[in-house]
Structures are given as C-alpha cells and as structure tokens.
Amino acid sequence: MTTPQLSIGIPNFGTWAGSDWRAMIDVARVAEHAGADRVVVVDHLVMGPSTGAYRWGRFPTPPESPWLEPLTVLTAMAAVTSTVRLATGILIAPLRPPALLAKTAATLDQISGGRLDLGVGFGWQREEYAAVGRSWDERGALLSDALAVCRALWTDTPASVRATTIEFDDIYCEPKPADPGGIPILVAGTLSERNIERIVRWGNGWIPIMGASGGDVAGGIEQLRDAFTAAGRNRDDLIVHTALPLARGDGGVDLEASFASAATLATEGVTSFNVPLQAFAPTIADAPKAIAEIVDRHRRAFA
C-alpha cells in the first residue's frame, strides 16, 4: 500500500473566514508548513433562491452567503506557498467557456510551478446553468467537451476539436501547463458509463460522490483500474481523492477513529483523503491547531 496523501478542505464560502478573506489565504500556508500534501477549495458561481435540490444533507450556507471563485483563490494561495498542491474539489467545469478554462488552469499551473489538480463535475443546481446561458439538459456533453478542449489545448500546437457542443481548428493556446502531460484531471460522481469514459479518455482519476460507501469506493477503484487496462493505460496510475470518512463520537467527530476507518480504503487504492477543515475548526482562529492535529493523526495512521 502506498501511503495516501492528506488534503485539507479550506472553506472558501460562508462566514468561516470572518470579514477578512486574506486570512483564508494564509491558512494554505499554515497547511503547507504543517505538512499537508494538498489544499482543496470548492465551487459555486451563483446560487438560486433554494438549496432544496442539494441531496447530501443540509447545505452549508444560505444562498446569500459569499462564495469565492476557486481558481482565483488558488492563484492567491499559490503566491504564498511553494510546495503544497492546489486542488478544486470540485470545479463546475460546464459553467465556464472551455478555452477560457484551459487558459486559466494552465496559467495557474505555470504560476504555481505545476501544482494544480483539477477536480471537475457538473454540479446539482439548474439555476447556475441558466445564469451563464447554458443548458442544464446538456450538462454531461458540456462537461465532456470541456475536458476534450482542455486536453487538446494543453497538448497540441495548434489544436483542433470536433465535439458535440464545440468545434474549432488550428487554435493556439499558450502557455501550456508545467507538465507536458497536462494538469491532472479528476472527475467527480458516480461511475456511470459516461463518467468512466471521461476518466479513461481525458482524466487521471476519480472523486467518489459524497456519501459513497467504502464498498462503493473500493468497487469503483477496481472498475476503473480494469477500464484503464482495457484502454492500454497503466492501472496503477489511477488517482482517487475521496473524503475522509468521519466517525462520530460523544464529543463530535472523532479524528483518530476517522483515520482508523480509512485504513481499509487506503489498501484498496485511495491515493488522498480530503479532510474538511470546518469539521475540526469551527472558526478560522481554530485552524492552525486543527491542522496540526489532522496532520499528526494522518502520519500516525499511515506510519
């Protein structure tokens, strides 16, 4: 078993950071100095008036709460760090013009020295699609085509794409990402036939859907490894970033028990566990202590 990496989910939304969002940027530096492998932020461009379509429990903020754009946040974090990886978990890729997404991601990757991990999905909220003039019913095709455009513009000079929702020929887009293979892409969600195709054709890995059981994750890893093999890719190259399964005790979330419960998933092939910082740091002032404890528990769990 390869020791799984540790990702820290930093809230780029709501009131956790108080009135000074620059303090949230400094949390990335704290995570890096503590020894975390990755910091993760999440995405919503806009919010509709109701969060009732959110299927995974109570939504963390009301619609009117602030939500910072994740690639902008990661760019600011890149400026104050040098080694920690910078990830979206997830970015709603279909909401952005594909060429603009490719350019923005490649720019951030170059500025950060090749530290970007791009987790993508198509979200759960119709209103966001309406606000940017995109079709909710075409969200799957829009996601696939965004990935196709990114891969083409990151690797080909010039690039041409023939896809369901977009076509172009002889297009130049510079700079390319720092790595000649492009930025790692992880596709979120259940392993439908289309999602497996996205991961195998354009991606590097998988982010299991929220609430996925250990059995779902383990089975999905084996399914994707087989799909990699069938496509002529190395099955051991599969990246899997999943949420740390949180174990609850009498006093709230039990960090030690949570990491203990993750051991089986690590042996199955999870490559990074994402720990939501808010679960252990109710306010930003609590972040340094919580991060130190999270890093220590991770090291002890997988020593």
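Visitor: Where is D170 placed, and what is its phi near?

Guide: D170 lies in strand β6 (residues 167-171), where strands are DSSP runs of E with at least two residues and helices are runs of H or I with at least four, numbered from the N terminus. The phi of D170 is near 55°, which is a positive value in a residue other than glycine. This is a predicted model, in which local features need pLDDT of at least 70 and side-chain atom pairs count only at pLDDT 80 or more, while totals for chains, interfaces and linings use all residues. Residues are numbered from 1 along each chain as its sequence is written, and side-chain values use heavy atoms, with hydrogens and water left out.

Visitor: Which peptide bonds are cis?

Guide: One of them runs from G89 to I90, with omega near 20°, and I90 belongs to strand β3 (residues 85-92). Another runs from T157 to P158, with omega near -5°, and P158 sits in the loop between α5 (139-155) and β5 (159-162).

Visitor: How do you know that β8 and β9 pair?

Guide: Two strands pair if DSSP finds at least two bridges between them, and strand β8 (residues 205-207) has two bridges to strand β9 (residues 239-243), in the parallel sense. W206 has V240 in β9 as its bridge partner. Between these strands the chain passes through helix α7 (residues 214-230), and the β-α-β crossover is right-handed, a term that applies if, with the strands pointing away from the viewer, the path from the first strand over the helix to the second runs clockwise.

Visitor: What joins β9 to β12, and in what order do the strands close into a barrel?

Guide: Three bridges join β9 to strand β12 (residues 272-276), and the two run parallel; the partner of H241 in β12 is S272. Eight strands close into a barrel with parallel pairing, in the order β1-β2-β3-β4-β7-β8-β9-β12. Neighbouring strands of this sheet are turned by 25° against each other on average, direction ignored.

Visitor: What makes α1 roughly parallel to α9?

Guide: Helix α1 (residues 22-34) packs with helix α9 (residues 287-301) at an angle of about 30°, their axes being 10 Å apart. Axes are lines fitted to C-alpha atoms, for helices over the stretch in contact, and angles run from 0 to 180 degrees between N-to-C directions. Angles under 35 degrees count as roughly parallel, over 145 as roughly antiparallel, 65 to 115 as roughly perpendicular and the rest as oblique, so α1 is roughly parallel to α9. In contact, meaning heavy atoms within 4.5 Å, V27, V30, A31 and A34 of α1 meet A287, P288, I291, V295 and R299 of α9.

Visitor: Why is α6 called oblique to α7?

Guide: The angle between helix α6 (residues 193-202) and α7 is about 50°, with the axes 10 Å apart, and that value therefore makes α6 oblique to α7. The crossing of α6 past α7 is right-handed, a crossing being right-handed if the near helix is turned clockwise from the far one by less than a right angle, and left-handed if anticlockwise. I196, I199 and V200 of α6 make the contact with Q223, L224, A227 and F228 of α7.
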